[in-house]
Amino acid sequence: MTPRRELVTLVTADLISNLGSRISVVAIPWLVLETTGSPAKMGLVAFAETLPYLLSSALATPWADRIGLRRTSILADLASAALMVAVALTPWLGFGALVALVAVVGGLRGIGDRVKHVLFRPAAEAAEVRLIRLTSVYDGLGRLVTLFGAAAGGLLVWWFGVTGAILIDAATFGVCALLIGALVRPPAASATPAQPEGYLRALAGGFRYLSRDRMLLSMLLVIAALNMVANASIAVYIPLWVADVLGNPAGLGLVLGAFSAGALLGNLLFTVLGPRLPRYLTFVAGALVSGTPRLVALALSEELPVVLVVTFLSGIGIAAVNPLLGVALYERVPVELQTRVIGLAGSLGFVGLPVGALLGGWSVAAFGLAPALLAMAAACLLVTLLPLAGALRPTPTPAPAPTAP
């Protein structure tokens, strides 16, 4: 197999796994609702999956380096497939078993996702594909998978029942493991660490490196803020605005669809223009456009066309953010530290998701919708402006941490 086909296989396997995860986002809450009838238990199951995902993304990476990235990916996907089959049987096993199984699957997904992303770099270099193009195309395809997966999840539950939909999710993990196991062969230097280290020493090395790179830290702070805004908007702000202003749930799909459509167009534009743009300034500009304006539009306007246009433009802005962070991680972090640093970066970036849902609900309850939107917009603007000084004075890539003889 040629290096380019191997890269395509690796990306395809990752997207298939993500498709299954999007299906389970619909199917598992429906399973909980069918078996317990409790919205509170639905939230508990979502939390039980999210927290281990964040923790394993950061804390399991030293073990992945020691086991080998390709082997870790295969084992994580095979174990996830088996456990999702068990999740499908939880109507007979009970709610406690469901929570435990979902938590383990969340932890496996966290480390499985991180190691696949680390493997992208050597695969792209072998295929002579520019990293900025890879990260942009992958971001766009990931958004398509998210859109399609949510719809597919609902249809699969309808056609095959919730158990059948979860079994299809299990099959996607198996296909991913099969593709990587049979067709992906990363360079030996990237598959195993150059020098084995103890767990705590290896983990501390990742923390130490990331703490010294101010540019990466500022980018991750922005990503966390944008994730907070995104989850607060999806979970609280947009549904409330649609209910108060339009009184028609169809408006919710229009607003969310406008952002997704803008993001897809932005991915196409950035794939073409990205390599010629100043990276960090483009990152900050994309973050400024993608976060604050759509919150302000919801706070100050009751006109659906205005909200849709601003939301669409915000979606175009977000298209530059994730790919540029991915390129920065690949290019700035030494190969031997990438698993640990990318894992930590994923956890720090995603921490805004649960915070956003909680903060969104609390802010509306405390201040009302419009004041909450303006306060969140101001906080997002402040966070996205803070790194601008770093763009005007680019910092060199930190030297790799010394290793013990």
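Leaving aside neighbours within four places in sequence, which residues is arginine 185 in contact with? They are Glu6, Arg70 and Ile180, where contact means heavy atoms within 4.5 Å.

Welcome to this structure, which is a predicted model: local features need pLDDT of at least 70, side-chain atom pairs count only at pLDDT 80 or more, and totals for chains, interfaces and linings use all residues. Residues are numbered from 1 along each chain as its sequence is written, and side-chain values use heavy atoms, with hydrogens and water left out. Helices here are DSSP runs (H or I, at least four residues), as strands are (E, at least two), and numbering starts from the N terminus.

- Look for arginine 185 in the loop between α7 (131-183) and α8 (188-191).
- Arginine 185 counts as partly exposed because its relative accessibility is 48%; buried means under 20% relative accessible area, exposed over 50%, and partly exposed in between (1.4 Å probe, protein chains only).
- Although 178 residues separate arginine 185 from leucine 7 in sequence, their C-alpha atoms are 9.8 Å apart in space.
- A polar atom of the arginine 185 side chain lies 2.9 Å from the backbone oxygen of glycine 181. A polar contact is a pair of N or O atoms within 3.5 Å; within protein, one must be able to donate a hydrogen and the other to accept it, and residues adjacent in sequence count only if both atoms are side-chain atoms.

**Two helices to trace**

- Helix α1 covers residues 3-36, 34 residues in total, and spans 49 Å from its first C-alpha to its last, close to the 50 Å expected. The expected span is 1.5 Å times one less than the number of residues in the helix.
- At serine 24, α1 bends by about 30 degrees, the bend being the angle between axes fitted to the seven residues ending there and the seven starting there.
- Glycine 37 follows α1 and has a positive phi, near 70 degrees.
- Helix α4 (residues 69-88) has 20 residues and reaches 29 Å between its first and last C-alpha, close to the 28 Å expected.
- Buried residues of α4 include Leu69, Ser73, Asp77, Ser80 and Met84.

- Lysine 116 sits in helix α6 (residues 95-127) and counts as buried, at 0% relative accessibility.
- Not counting residues up to four places away in sequence, lysine 116 touches Leu10, Asp14, Ser73, Asp77, Cys176 and Ile180.
- Arginine 121 is also found in α6, and its 14% relative accessibility makes it buried.
- Beyond residues up to four places away in sequence, arginine 121 touches Leu131, Tyr330, Val333, Val335 and Gln338.
- In the loop between α6 and α7 you will find glutamate 128, which is exposed, with a relative accessible area of 71%.
- Glutamate 128 is not a glycine, yet its phi is positive, at about 60 degrees. Most residues other than glycine have a negative phi.

**Aromatic rings**

- Searching the whole structure gives 6 aromatic pairs. Rings of Phe, Tyr and Trp (its six-membered ring) pair if their centres lie within 6.5 Å; planes under 30 degrees apart count as stacked, over 60 as edge-to-face and the rest as tilted.
- One of the pairs joins tryptophan 159 and phenylalanine 160: the ring centres are 6.5 Å apart and the planes lie at 85 degrees, so this pair is edge-to-face. Tryptophan 159 and phenylalanine 160 are both exposed.
- Tyrosine 280 and phenylalanine 283 form a stacked pair, because their planes are at 5 degrees, with ring centres 6.1 Å apart.
- Tyrosine 280 and phenylalanine 283 are 3 residues apart in helix α12 (residues 279-290), so about one helical turn separates them. Both tyrosine 280 and phenylalanine 283 are buried.

**Arginine 294**

- Arginine 294 belongs to helix α13 (residues 292-300) and counts as buried, at 9% relative accessibility.
- The face of phenylalanine 259 has arginine 294 over it, at 4.1 Å from the ring centre. A charge sits over a ring if NZ of Lys or CZ of Arg is within 6 Å of the ring centre and within 35 degrees of the ring normal.
- Besides neighbours within four places in sequence, arginine 294 is in contact with residues including Val229, Ser233, Phe259 and Thr311.
- The arginine 294 side chain reaches the backbone oxygen of serine 290 at 3.0 Å.
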